Amino acid sequence: MNRLTSQIIKLFLSLLPALGIMGCETIIDVDLPEHEPTLVLNSYFGTDTTFIVSLHESKSILDASYDFKVVHDATIQLYAENQLIGTFTESETESNNGFEFGNYVLYHYPEAGINYSIVASKSGFRTVEAQDAIPLEKINPSIEEFKDVSDGEYYGDRKYQLTYSLNDPPGEDFYEVFLYAEMPEYEYYHDADTSYFYLIGYRKNRIYYEEVGAELNEFEDNSVDPTLFSDKLFDGRKYTHTIEATIFVNAINEDEKIKLYLEVKHVSKAYFRYKKSFGLQLDSEGNPFAEPAPVYNNIEGGLGIFAGYGVETIYFEFDK
């Protein structure tokens, strides 16, 4: 036996265990329990809106489609401090980008500090219920400074920094902060002789921003949303924070002012946990190395969220 033949034999023998493992394939049939649909109830209620509920049917974990079946003809009742307020009325089903929303409405404006509970029932489903409240304390947000920090040409975009403050009450609190700009909307008209844009009104557009300096969420585990934060770093104190945003100002005429809205929401713990966990799930979608991110749920007997918030809005104008 020459040296080459000896090496080939040794290599073959070293591969035998692996070949044996590859050849021993076992198929295991797993009996999954039959999917039992439950009610999925979603409702945010705040000091700036009435009560609106979206009601759907849950899907099997094997159903990868984005179709959600609307639940019609359900009975949904609202209670305030265990006293019946009224029964929701079903509105027309709405569609948005292919998604259908089954909405139920009750024209009752919520108040801060009141414990609200909701009960939903439909034949063929388990009855579901949940409860939450709007935080009672006012936080009195204010604008401390607003300045243009643009550097060079931005082709119609300008970069601004906004510093705001809020008065955080003692105890565990949660917040969500949005920035909006009121921008003109135009429609284009043309015929054989002429063409022009004409103003049809104004619309509030959300402006996405970045944090300046230390991030509010840097000590939060797996934070993904800078608009949503807790008061861990400033409990019971006045908090001041700076954000930076790019705004397209060329749509504004020279003689008009730019109108901005800073919306500060004082949200419940259920609101915070649901939105935070939902954001984590979206962030981990399609990432095989991400940790599982189950979405928080406070609907007893079903799925979804019923959560309250108080909102205080600051409106201000500035020149282009």
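**Notebook: loops and cores**

I began with Asn140, which lies in the loop between strand 10 (128-133) and strand 11 (142-148), strands being DSSP runs of E with at least two residues, numbered from the N terminus. The model is predicted, so I keep in mind that local features need pLDDT of at least 70, that side-chain atom pairs count only at pLDDT 80 or more, and that totals for chains, interfaces and linings use all residues. Residues are numbered from 1 along each chain as its sequence is written, and side-chain values use heavy atoms, with hydrogens and water left out.

I looked up phi of Asn140 and found a positive value near 45°; at 47% relative accessibility the residue counts as partly exposed, that is, between the limits for buried (under 20% relative accessible area) and exposed (over 50%), with a 1.4 Å probe and protein chains only. Glu81, in the loop between strand 3 (75-80) and strand 4 (83-87), also has a positive phi, near 50°, and is partly exposed at 42%. I note that most residues other than glycine have a negative phi.

I then turned to the largest nonpolar core, which has 26 residues, Leu162, Val177 and Leu260 being among those with the most contacts inside it; such a core is a set of buried Ala, Val, Leu, Ile, Met, Phe, Trp, Tyr and Cys residues joined through side-chain atoms within 4.5 Å. Strand 13 gives the most to this core, with 5 residues. Apart from it I found another core, of 23 residues, among them Leu39, Leu55, Ile76 and Ala120.

Note on methods: Helix = DSSP H or I, 4+ residues; strand = E, 2+ residues; numbered from the N terminus.
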